Amino acid sequence: MSKVEKGALQVPAICNGSVIDHIPVEKLMKVVRLLGMDRLNLPITIGQNFASQKLGRKGIIKVEDKHFTQAEVNKLALVAPRIVINVIKDYKVVEKIHAVLPDEIVGIVQCSNPKCISNNEPMQSAFSVIDREHGILHCKYCNRKIEREEVIIPFHE
């Protein structure tokens, strides 16, 4: 096995697209599935257990020719709140997006209360974010509080 040169990239650079960085290793595959990466017809690099000063070990995802919507960034903020999305154009980072929970989350999270109207009628769920740091949500319909660990984000196959 050859030595890696100091400063050399461990994963090849991309020309245009997005790099999701600082993903906690234990959340990496959830992020892949959550964003439907397994169904994209684009070049994707998924790496895990890279050294990180912030996390100790981290995951990283590089996607050619893909820029994430605000709804996708909101999903990421729910699952891995400290991730950073680097927007790449012509091999350069032109923007850094920090995943931060918005004040409201509509149609992304499923209420954990089986009796909630949003689970029993054809309507979108609606939550207020009452604690960004800990990821605590409040269902606008049934008033249930849901913590980050309890969040259910349906995967659409």
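**Close-up views of the predicted model**

**Figure 1. C116 touches C111, C139, Y141 and C142, leaving aside residues up to four places away in sequence.** The structure shown here and in the other views is a predicted model. C116 is found in the loop between strand 6 (104–106) and helix 3 (117–120). C116 counts as buried because its relative accessibility is 1%, and the cut-off for buried is under 20%. K140 lies 24 residues from C116 in sequence, and the C-alpha atoms of C116 and K140 are 9.9 Å apart in space.

**Figure 2. Strand 3 (residues 56–64) is mostly covered.** Of the nine residues in strand 3, seven are buried. Strand 1 (residues 17–24) pairs with strand 3 in the antiparallel sense, over six bridges. In this pairing, I23 stands opposite G59 of strand 3. Strand 2 (residues 44–52) also runs antiparallel to strand 3, and seven bridges join strand 2 to strand 3. I46 has I61 of strand 3 as its bridge partner.

Figure 3. The polar contact joins the side chain of K58 to the side chain of D21, at 2.8 Å. Leaving aside residues up to four places away in sequence, K58 touches D21, H22, I23 and V25, and also G47, Q48, N49, F50, A51 and S52. Among these neighbours of K58 is I23, the residue that stands opposite G59 in strand 3.

**Figure 4. Helix 2 (residues 70–79) is mostly covered.** Eight of the ten residues in helix 2 are buried. Which residues of helix 2 are buried? They are E72, V73, N74, K75, L76, A77, L78 and V79. The cover over the buried residues of helix 2 includes helix 1 (28–34) and several strands, among them strand 1, strand 4 (84–89) and strand 5 (92–98). Strand 6 and strand 8 (136–139) also belong to this cover. In an α-helix there are 3.6 residues a turn, so residues three or four places apart point the same way.

**Figure 5. The whole chain, for orientation, has three helices and nine strands.** In sequence order, the elements follow the pattern β-α-β-β-α-β-β-β-α-β-β-β. The C-alpha trace spans about 60 × 30 × 30 Å along its principal axes. The chain has 157 residues, and 41% of them are buried. Among contacts with a separation of 6 or more, 56% are between residues 24 or more positions apart. The accessible surface of the chain is about 9600 Å², and carbon and sulfur atoms account for 49% of this surface. There are 22 positive and 18 negative side chains in the chain. The centres of these two sets of charges lie 4 Å apart.

How values were computed: Residues are numbered from 1 along each chain as its sequence is written. This is a predicted model: local features need pLDDT of at least 70, side-chain atom pairs count only at pLDDT 80 or more; totals for chains, interfaces and linings use all residues. Side-chain values use heavy atoms; hydrogens and water are left out. Helices (H or I, at least four residues) and strands (E, at least two) are DSSP runs, numbered from the N terminus. Buried means under 20% relative accessible area, exposed over 50%, partly exposed in between (1.4 Å probe, protein chains only). Contact means heavy atoms within 4.5 Å. Accessible areas come from the Shrake-Rupley method with a 1.4 Å probe; for residues, only the protein chains shown count as cover. Lys and Arg count as positive and Asp and Glu as negative; His and the chain ends are not counted. The place of a charge is taken as NZ of Lys, CZ of Arg, CG of Asp or CD of Glu. Two strands pair if DSSP finds at least two bridges between them. A polar contact is a pair of N or O atoms within 3.5 Å; within protein, one must be able to donate a hydrogen and the other to accept it, and residues adjacent in sequence count only if both atoms are side-chain atoms.
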